[in-house]
Amino acid sequence: MRLKAAGRIYIWLVLLLMYVPMLLVIVYSFNESKLSTVWAGFSLNWYRKLVTNREIMEALKNSLTVGLLCSLLSMIIGTIGAVGLDRCRGRLNSAVSALSVVPLMMPEIITGLVFLLMFSAIGLKAGLLTLVLAHSSFCIPYVFMTVKGSLSLFDRSTEEAARDLGASEARTFAEITMPQLLPGIVSGGLLSFAMSMDDVVISFFVTGPKTNTLPIKIYSQMKMGVTPEINALCTLMFLFTLAAVILFAAVTDKQRKKMKN
Amino acid sequence: MKKGFFAALPMYIFTLFFVAVPLIYLAALSFMERNGVWGVDASFTLDNYRRISEPAYYGTFIFSLKLSLITTLVTALIGYPFGYLMSRCENGRLRACMLFLVILPFWTNALVRIYGFIILLRGNGLLYSLLKLAGYGGEQLSFLYTQPAVILGMVYALLPFMILTVYSSCSKLDPTVLEAARDLGASGFKGFVTVTLPLTADGLLSGIMLVFIPSMGLFFISDLMGGGKIIILGNLIKNQIMTAHDYPFAAALSVMMLIMMLVCLGAVRLLLGGGRKRGETR
């Protein structure tokens, strides 16, 4: 019993240590004073400054654009790919299936470097396009894997039944296959979006001198020192993550409940 | 042509152009010669690899490897008990709550979290204020810009990966197996070493991979927490690209890094007794 209590204490202690830094950022983002050593009262000043900071807003727009394009692209290619590879199995296909998730195990720094080298070799100018391409390299495998997961739970006989009842192949796909795969596609897409929004290392290599993503902008600001504006930005990003995690949990929960029925 | 071939086509193209070609290009480039400031000459040379054996670069390799191994070890030492204890929590709601609290930092941008850590450790940060409150009267202390600070930053950034993989394999563990071992006379420690650890080795192994692999490349952590004084492999590769513009050498460094990682992970896997294989037969 005492051992159990010690275990509890250990868990909450580690969690506390994990959250103290994040809570500090949130608290200081509401600090009136520019110095984070003194508390000068509650203020929303830094949030106001943040919203009017054109560079940060531009970076936010870039990050959202890249994230959305990436997750869309990954959802299309990953889904079609997973379904296609599932339909015709063979030695080549299992090799492709295994190779396609290699980017997830690759150190990010090497992925970033390789894409920078390739883009410069074919003369592609660094910017939003290179960001989307490089991020897709790890986003597509995510969707591929989540859809593959859905496919393994997928009941093939429902598809056959629809075909036997006279539905065309396209209609079967749209009305039978698609709805069953949708949770996998959506969770893969959300994962891709979050990973793209989060990425620092790969973006650092493939982004152009004038195109900043949000993490890259934060990184370059942090190198210059701690500013209250970054506190506010980090707080917002944290709250955004919180919302995304809750949304993601809701989606997977729904999928689980559906599986039970 | 087989049915479904066209549907699989996007994945073929992806694997070819986003996985195979880049890796082959990287390997090929590492044997090429540098030409001018930006250029690359397509002639075969082993010079890039020879340069890695120079003390300055060789030293960084060893240092970075050491830092990564310490990071991985500390993360495993903190994360394994955490994941294990979390999976043993009988209160389902409480367990879900803990899990949520681990998943949240897992999803939060590493920069955002590292930033909080910097505020905490800074010269006049919270930790210093706490020490002052506790009666410390010495000069202003900064915990930043040291080697332990970098390790701490890495552990902090990567811990959720370890906890989550260990948790998922521990929660599949059948407690009756452990009970059987105890009934047959095994001590708590022996039961852990001979039953629990081998059965959860695959989770520990994937946790180690998820921590060890990125740890050598996370240049922004060593930059921000080490103040530019601590150079890991990630910084070295980044500098070769961004300041020295030596692409072939950067490629050679990357290839060596990959080889080193594969060797280390292979060794860990052997050490853990081929956890994967056991996981499959179960």
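## Stop one: a loop in chain B

Start by selecting Tyr145(B), which sits in the loop between α6 (126-133) and α7 (147-170) of chain B. Helices here are DSSP runs of H or I with at least four residues, strands are E runs of at least two, and both are numbered from the N terminus. Before you go on, a word on what you're looking at: this is a predicted model, where local features need pLDDT of at least 70, side-chain atom pairs count only at pLDDT 80 or more, and totals for chains, interfaces and linings use all residues. Residues are numbered from 1 along each chain as its sequence is written, while chains are lettered from A and ligands numbered from 1 in the order in which they are written.

Back to Tyr145(B): its phi is near 60 degrees, a positive value in a residue other than glycine. (Buried takes 20 or more other C-beta atoms within 10 Å of a residue's own, exposed 12 or fewer, and partly exposed is in between; C-beta atoms are placed from the backbone.)

Now jump to His245(B), in the loop between α12 and α13 of chain B. Its phi is positive too, near 55 degrees, and His245(B) is partly exposed, with 14 other C-beta atoms within 10 Å.

## Stop two: zoom out

Show chain B as a cartoon and you'll find 14 helices and two strands. Its C-alpha trace spans about 75 × 70 × 35 Å along the principal axes. Of the 282 residues in chain B, 41% are buried.

Select α3(B) next. At 1.5 Å a residue, its 33 residues should span 48 Å, and the end C-alpha atoms are 46 Å apart, which agrees. (The expected span is 1.5 Å times one less than the number of residues.) Look for a bend of about 25 degrees at Gly79(B), with Pro81(B) following within four residues; the bend is the angle between axes fitted to the seven residues ending there and the seven starting there.

Then colour α4(B). Its buried residues are Met98(B), Val102(B) and Pro105(B). Seen down the helix axis, they fall within an arc of 60 degrees, so they line one face of α4(B).

## Stop four: Phe219(B)

Go to helix α11 of chain B and pick Phe219(B). With 24 C-beta neighbours inside 10 Å, Phe219(B) counts as buried. Leaving out residues up to four places away in sequence, Phe219(B) touches Ile109(A), Ile232(B), Gly234(B), Asn235(B) and Lys238(B). Two residues are in contact if their C-beta atoms, placed from the backbone, lie within 7 Å.

## Last stop: where the chains meet

Show both chains. How many residues does each chain bring to the contact? Chain A brings 61 residues and chain B brings 61 residues. On the side of chain B that touches chain A, α1(B) gives the most, with 16 residues. That side divides into 48 nonpolar, nine polar and four charged residues. (Ala, Val, Leu, Ile, Met, Phe, Trp, Tyr, Cys and Pro count as nonpolar, Asp, Glu, Lys and Arg as charged, and the others, Gly among them, as polar.)

Conventions: Arc of directions from axis to C-beta.
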